[in-house]
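Please examine the structure shown below. This briefing concerns its pockets and the residues that line them.

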Amino acid sequence: METIHLVQSIASPWLDTLMTWITDLGSEEAYVALMVVTYLAIDARTGRALGITLMVSFLLNQYAKGLFDTPRPFAIDPSVARTERAVAGALGPGFPSGHAQSSITFWGFAAAASRRRWFTVLAVALVAAIAFSRVYLGVHVPLDIAGGLVLGGAVVAAAFAAWRSGLVLPTWAALVLGVAAPFAVHLLAPTPESDLLMGALAALVVGPMLVPHRTDGPWPGRVVVAVIGLALAFAVLLGSSQLLPEAVKRDPVGGFLRYFVLGASVTMLAPWIGAAAGLVPARRRG
């Protein structure tokens, strides 16, 4: 707690606003949007691997939070809470920090894949800024941040090694396991968001196999496809929230299928529309 008080010794209203903006860059919603843009507009192979890594990292963070169940600093000392918005977004236990873990997961994997020095410097700066903002806002102690960085770094190292190994399962096995394994994890070891995470993970695994997407065409078309993908994901999320009965959304099978369809709108429907409209090169399998 002493570290938080030391950091907050420089606090001011304008810095509160800046730190809130920075911390928003580390939200799950921001990374999901960035993953969609990466997959549809920048590099489909990297975007898919990045998305799978993110979903696994998010799930492991939820398991770790449930295991350690540590309080947030503002729950111990309410005076460290800088903004109501930051507190409202600080859900669940403190250790490990989800913002720190997701930041190093996304930017660490992206930097390793890009192999560009300037991008690595940018990634390090973003991870550090987001981690600092969590302490400044009083929603994490430094140990929470360290735990998130270590766990996220381990996920990136394992995921990148697996991605670079070039290991490829037979198509039928990948299709079956790509749905069955996430569904089994969701049923046998559920978390408050495992339906979302595992449904989206399944769509990321099988979607590109059923509807391959290419990102080697002109950039204007790829940008349009990315916008279409984001719009479709938002429409499915909003539509299912409004139209599906609560019993279906809370049902383990219904929840999984809901988010599988949401993920499929990005990995299958958006690429299909893009290719059919001539926005991206024609799909090809293999």
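A pocket, on a 1 Å grid over the protein atoms alone, is an open set of points where a 1.4 Å probe fits, with protein on both sides within 12 Å along at least five of seven lines; lining residues have an atom within 4 Å of a point. Grid points are joined across faces, edges and corners, and a volume is the space filled by probe spheres set on the points. The model is predicted: local features need pLDDT of at least 70, side-chain atom pairs count only at pLDDT 80 or more, and totals for chains, interfaces and linings use all residues. Residues are numbered from 1 along each chain as its sequence is written, and side-chain values use heavy atoms, without hydrogens and water.

**Second largest pocket**
- This pocket holds about 1,300 Å³ of space.
- Among its 47 lining residues, Ser27, Glu28, Glu29, Glu193 and Leu196 lie nearest the centre.
- Helix H4 provides the largest share of this lining, seven residues; helices are DSSP runs (H or I, at least four residues) numbered from the N terminus.
- The lining comprises 21 nonpolar, 18 polar and eight charged residues. Here Ala, Val, Leu, Ile, Met, Phe, Trp, Tyr, Cys and Pro count as nonpolar, Asp, Glu, Lys and Arg as charged, and the others, Gly among them, as polar.

**Largest pocket**
- The largest pocket contains about 1,600 Å³ of space.
- Of its 40 lining residues, Arg48, Ile52, Leu167, Val205 and Met209 are the closest to the centre.
- Helices H4 (44-68), H9 (142-165), H10 (171-188) and H11 (194-210) each supply at least two lining residues, and H10 gives the most, with eight.
- By class, this lining has 26 nonpolar, eight polar and six charged residues.
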